Amino acid sequence: MPLTLSAIARAAGGTCVPQRLSERTPVDGVARFDEVVVVGHPAYATLVTGDPGALLDRLDAGGPEADALSRAVLVTDADDPALRERLAAHEATAILRCALGGVALHATLTALLADDLAASDRLVAAGMKVLTQAARRGGATAAIAELAHRIDGWAVLLDAQGQLITSAGAGRLHVSDATAVALGRPVRVRHEGLQLHQVGSDRDLAGYLVISTRSGTVSRSRDLASLAAALFDLLLRSHDPTVTEHLGRESLLRTILAGGAPALELLRRWGVHDRSLTAFALGARTRTIDAERLLRRWFDELGAEHVFAASQGRVLGFVRDDLVDELAKRVDELTPVSGQRLHLGIGTPSPADALARGAAQAGQALDTALDESRTVVHYARLASVELVLGSLAAEPRAELARALDPLRDAAGAHGELTATLRAFLAENGRHRASAQLLGIHRQTLVSRLRRVEELTGLSMDHADDRATAWIALRALDR
């Protein structure tokens with residue numbers, strides 16, 4: 001974040017006297033009062049130094065120069081009631097009673113802003129480095145997600161016709177606003193403070209990048225987004241031959257899942273002659289990891305055929321039974337990227353002409369891995385609760401979940417009581433660990449659990465009741 005008036009006051013040893021501008025206003029420059037012509041940006045403060053008396057006389061004289069000075073911030077070592085009264089008359093913000101004055105004060109302020117600008121430049125450079133790494137892993141989708149995180153806001157990438165390419169953060173909620181700004185449509189934009197960055201040149205337009213920050217600050221986010229637009233220009237113009245390959249493998253995979261003789265014939269032509277294969281499903285909580293690219297490299301190293309395809313954020317595929325442990329090992333040992341990592345679900349070995357059931361098992365195992373933040377989950381090792389729930393139809397599962405209906409709030413949604421019960425049971429009834437997980441005091445945890453018991457009639461001291469509550473929670477999640 002840029003330096004604010006309150007930060008400048010602390011650094012200069014002075015007292016901020018807010019009037020037209022608040023103490024939280026960011027600062028963009030410093031000048032001597034006789035050099036100020038216009039304030040550069042209405043959302044930023046310009047600091048002025050010099051003789052307070054001469055500055056106030058200029059304010060009293062009126063005119064364009066006086067108007068510019070009234071929106072600047074006087075920084076001085078002086079402070080007296082008369083000075084404050086005259087500043088208040090012009091609604092002029094000031095920082096008074098600084099530890100230094102004159103030339104020393106001006107030099108100190110200049111050095112502070114220069115250091116902050118250099119730090120901002122370093123952060124932008126570091127941000128572009130991470131964006132480039134994200135683009136290498138997952139293309140435009142991963143880069144846009146990292147950009148939204150870096151600017152603490154949302155981002156939307158559109159093509160030259162205003163059609164959505166990808167978005168991140170809350171960008172999907174603001175696509176209409178982003179499109180209206182990009183194409184200059186005469187409609188009311190509901191979201192203020194949007195930044196528009198052209199991807200490509202006027203003669204060779206590739207698209208538009210629209211961003212917005214939660215903080216409302218524009219300087220650093222504008223610089224980073226401007227550089228990111230150049231990166232997206234390169235990404236959108238780089239032809240990826242794997243797109244065609246992916247579409248082909250996705251179509252082939254549908255034939256394999258249908259089973260029978262056509263599936264066997266296709267596998268043989270694909271170079272797979274094994275009678276039995278194991279299904280796997282690979283996914284992550286975010287889109288910043290290119291799982292399909294990792295699999296291509298791993299399968300090349302293992303000497304396995306690329307019998308997999310990505311769909312809806314996860315990769316479904318099949319591998320020889322003897323390579324399952326090696327695949328699981330690679331996923332388990334993969335270094336997390338920005339705190340995120342891959343999750344793998346593994347089905348049971350299935351005949352090569354009947355792989356659909358194994359694929360369903362792998363998908364269920366991956367769901368469990370994501371829900372429980374486990375890296376690798378084998379369907380054959382799933383808890384009996386999962387196996388039972390997986391075999392039940394929707395209505396019996398809903399009946400099990402109704403045991404927790406008394407915990408719903410006035411709007412009919414499950415809130416903090418259900419979350420408290422889930423954390424308590426997940427931590428095997430350990431009060432300290434449960435309270436830490438929820439970020440609450442142990443006594444608050446105990447009070448909530450008592451309320452859960454009163455509403456549901458279940459006792460957390462009884463093993464059968466705890467099992468009932470856990471099964472109901474798992475049924476609620478499905």
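How many residues lie between β8 and β9 in their hairpin? I found four residues between these two strands.

**Entry 1: basis.** I noted that this is a predicted model, in which local features need pLDDT of at least 70 and side-chain atom pairs count only at pLDDT 80 or more, while totals for chains, interfaces and linings use all residues. Residues are numbered from 1 along each chain as its sequence is written, and side-chain values use heavy atoms, with hydrogens and water left out.

**Entry 2: the chain.** I looked up the elements and recorded 18 helices and 15 strands. Helices (H or I, at least four residues) and strands (E, at least two) are DSSP runs, numbered from the N terminus. Of the 478 residues, 44% count as buried, where buried means under 20% relative accessible area, exposed over 50% and partly exposed in between (1.4 Å probe, protein chains only). The accessible surface comes to about 24,400 Å², and carbon and sulfur atoms hold 51% of that; the areas come from the Shrake-Rupley method with a 1.4 Å probe, and for residues only the protein chains shown count as cover.

**Entry 3: the sheet.** I traced an open sheet of four strands in the order β7-β6-β9-β8, with antiparallel pairing. Two strands pair if DSSP finds at least two bridges between them. The edge strands, each pairing on one side only, are β7 (164-168) and β8 (195-200). From one strand to the next the twist averages 15 degrees. Helix α6 (residues 175-183) packs on this sheet and touches β6, β7, β8 and β9 (205-213), its direction making about 55 degrees with that of β6. For such angles, axes are lines fitted to C-alpha atoms, for helices over the stretch in contact, and the values run from 0 to 180 degrees between N-to-C directions. Contact means heavy atoms within 4.5 Å.

**Entry 4: the pairings.** I then went through the bridges.
- Strand β6 (residues 153-159) is joined to β7 by four bridges, and Leu-157 stands opposite Thr-166 in β7.
- Seven bridges pair β6 with β9, and the partner of Leu-158 in β9 is Tyr-208.
- Six bridges join β8 to β9, and His-197 has Leu-209 of β9 as its bridge partner.

Why is β9 largely enclosed by the rest of the structure? Eight of its nine residues are buried, so I recorded the strand as largely enclosed.

**Entry 5: two packed helices.** I examined helix α15 (residues 416-426) against helix α17 (residues 442-456), which pack at about 105 degrees with their axes 10 Å apart. That makes α15 roughly perpendicular to α17, since angles of 65 to 115 degrees count as such, under 35 as roughly parallel, over 145 as roughly antiparallel and the rest as oblique. Residues making the contact include Leu-417 and Phe-424 of α15 and Leu-445 and Val-452 of α17. The contact residues divide into seven nonpolar, one polar and three charged. Here Ala, Val, Leu, Ile, Met, Phe, Trp, Tyr, Cys and Pro count as nonpolar, Asp, Glu, Lys and Arg as charged, and the others, Gly among them, as polar.

**Entry 6: positive phi.** Most residues other than glycine have a negative phi. I noted Arg-97, whose phi is near 60 degrees, in the loop between β5 (94-96) and α5 (102-151). I also noted Asp-152, with phi near 55 degrees, in the loop between α5 and β6. Arg-97 counts as partly exposed at 49% relative accessibility, and Asp-152 counts as partly exposed at 41%.
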